Amino acid sequence: MRNTALLLLTAQTLMCADLATLLPSAKTNLRVESTRLEIQKSQLLLDEARTAYFPTVTATALYKKKDKTPAFEPNQIQGAELGAQITVFDGFRREALLDALHSSMASATHSLAQEEQNVLMETIAAYYDYLDTQDRLSVIKEKKNEILSEVQRYEILVKNDLATTDILKSLIASKLETEYDEQNLKMLLEKHRKHLELLSATSIHEPIVYHELSLPSLTKVERHDIQSEQAKIDILRNTEDRYTYLPSLTLEAKHKYLEYSGYDTMGGTNLQPLNQNEITASLSMTLFDMGRISKEREQARIDTLKAQKFLDYKTQSLNNDAEIALMSIQTSQRAYEAAKAEEEARSEVFGYIKKRFESGLVNTTTYLSELTNLTQSRTKVKNALNTLQVAKANAAYTHGIDLMTLLEEKK
């Protein structure tokens with residue numbers, strides 16, 4: 001049982017290091033959950049606006065006392081009042097508000113979907129940043145081991161007076177420099193790990209498993225942020241309709257029970273009634289306000305035009321980004337192929353130089369220079385491959401394609 005539990009724990013740790021598990025988890029991070037609350041708020045505002053179609057019922061307790069009154073007027077009144085009021089027509093202001101709130105709900109929904117894509121894109125970029133640093137660290141360790149083996153070999157040669165100490169000192173200096181680079185990369189790797197944990201809402205454990213993304217089918221889809229901005233324009237357009245000179249009709253009904261004391265009833269002719277029913281219908285409209293409502297409507301219209309122009313600009317900007325992102329995939333693919341060719345050439349040259357160095361035919365400077373070139377070319381290959389994956393993700397992101405689809409197996 002204990003071994004089974006340890007196995008499950010190990011399996012869970014490895015799963016957490018795969019991009020296929022990091023991305024779904026990222027859609028539940030704190031940023032996304034914060035945006036999700038906007039939908040709940042929009043729903044509550046919509047429910048609140050619907051209550052305007054229902055009557056308002058109120059209950060009131062009343063007590064009034066006057067110290068000076070005429071003989072026939074009560075100086076003390078106490079009782080209760082139950083009333084109901086409903087707006088029959090308000091110049092379509094309620095309808096305009098509901099339409100605006102429906103648009104607000106749509107905007108919040110699209111904003112959530114876009115925020116999920118934003119977080120996914122950032123998570124993918126952070127994931128490959130981590131992998132890139134991890135690869136660089138792996139390559140620098142290989143370089144350190146290579147130098148260390150030569151240091152150990154030359155220590156033996158120097159001890160037996162078969163080589164001079166200057167070569168050994170040069171190798172040791174190079175080893176120390178490599179160890180310094182290794183420590184810097186470890187610190188950078190930790191920085192990327194923490195950033196990736198924050199984005200993915202997952203505890204990251206090394207090693208992270210490499211995952212190559214599928215090449216997206218770049219069919220243009222209207223991005224959620226564009227749809228959210230369009231919904232915001234609809235909010236403003238519906239807000240314009242709330243500024244109107246149309247009249248409002250309100251109905252109100254009340255039932256009162258009041259007791260009077262401290263007055264002359266004049267033998268009953270001035271007796272105040274205990275129960276009273278009242279019905280009131282009121283029709284109101286603005287006849288003249290120096291153009292205030294029309295000016296408010298015009299301001300709302302200008303806000304709508306302003307938002308529309310901003311949306312047009314943003315749409316054009318995203319179209320430009322989409323074209324550049326497509327070019328970036330092609331450029332990254334060529335860079336990767338060139339880096340692989342360079343690595344093959346550098347590897348062959350280094351093998352030749354190493355044999356000559358071990359035979360004493362080339363100096364330490366040449367050997368270390370070629371080793372550095374080989375290290376850089378290996379790093380360049382891995383960096384180019386990671387850059388290509390980010391370019392795929394960015395192309396899908398700018399085209400409005402769901403980034404989760406890039407996790408599908410390549411065909």
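I looked up R193 first: R193 is buried, at 16% relative accessible area (buried means under 20%, exposed over 50%, partly exposed in between; 1.4 Å probe, protein chains only). Its side chain meets that of E197 in a salt bridge, 2.7 Å from N to O (a side-chain nitrogen of Lys or Arg within 4 Å of a carboxyl oxygen of Asp or Glu). Both residues lie in helix α5, four residues apart, about one turn of the helix (helices are DSSP runs of H or I, at least four residues, and strands runs of E, at least two, numbered from the N terminus).

I noted the source: this is a predicted model, where local features need pLDDT of at least 70 and side-chain atom pairs count only at pLDDT 80 or more, while totals for chains, interfaces and linings use all residues. Residues are numbered from 1 along each chain as its sequence is written, and side-chain values use heavy atoms, with hydrogens and water left out.

I find 30 in the structure. K144 and E182 form one, at 3.0 Å from N to O. K144 sits in helix α4 and E182 in helix α5, so this pair links distant parts of the chain, 38 residues apart. Both K144 and E182 are buried.

D225 pairs with K314, with the closest N and O atoms 3.7 Å apart. D225 is in helix α6 (residues 224-240) and K314 in helix α7, so the pair ties together parts 89 residues apart in sequence. D225 counts as buried at 10% relative accessibility. K314 counts as partly exposed at 22%. I also traced a salt-bridge network linking E81, E252, K254, K256 and E278.

Then helix packing. The axes of α5 and α8 (residues 364-398) come within 10 Å and cross at roughly 20° (axes are lines fitted to C-alpha atoms, for helices over the stretch in contact; angles run from 0 to 180 degrees between N-to-C directions). The two helices are therefore roughly parallel (angles under 35 degrees). The axes of α4 (residues 93-159) and α7 come within 13 Å and cross at roughly 15°. That makes α4 roughly parallel to α7.

I checked Q183, in α5 (residues 165-200). Q183 is partly exposed, at 46% relative accessibility. Its C-alpha atom is 63 Å from that of A96, 87 residues away along the chain.

Last, F288. F288 lies in the loop between β4 (275-284) and α7 (292-358). F288 is exposed, with a relative accessible area of 66%.

Methods. Parallel < 35°, antiparallel > 145°, perpendicular 65-115°, else oblique.
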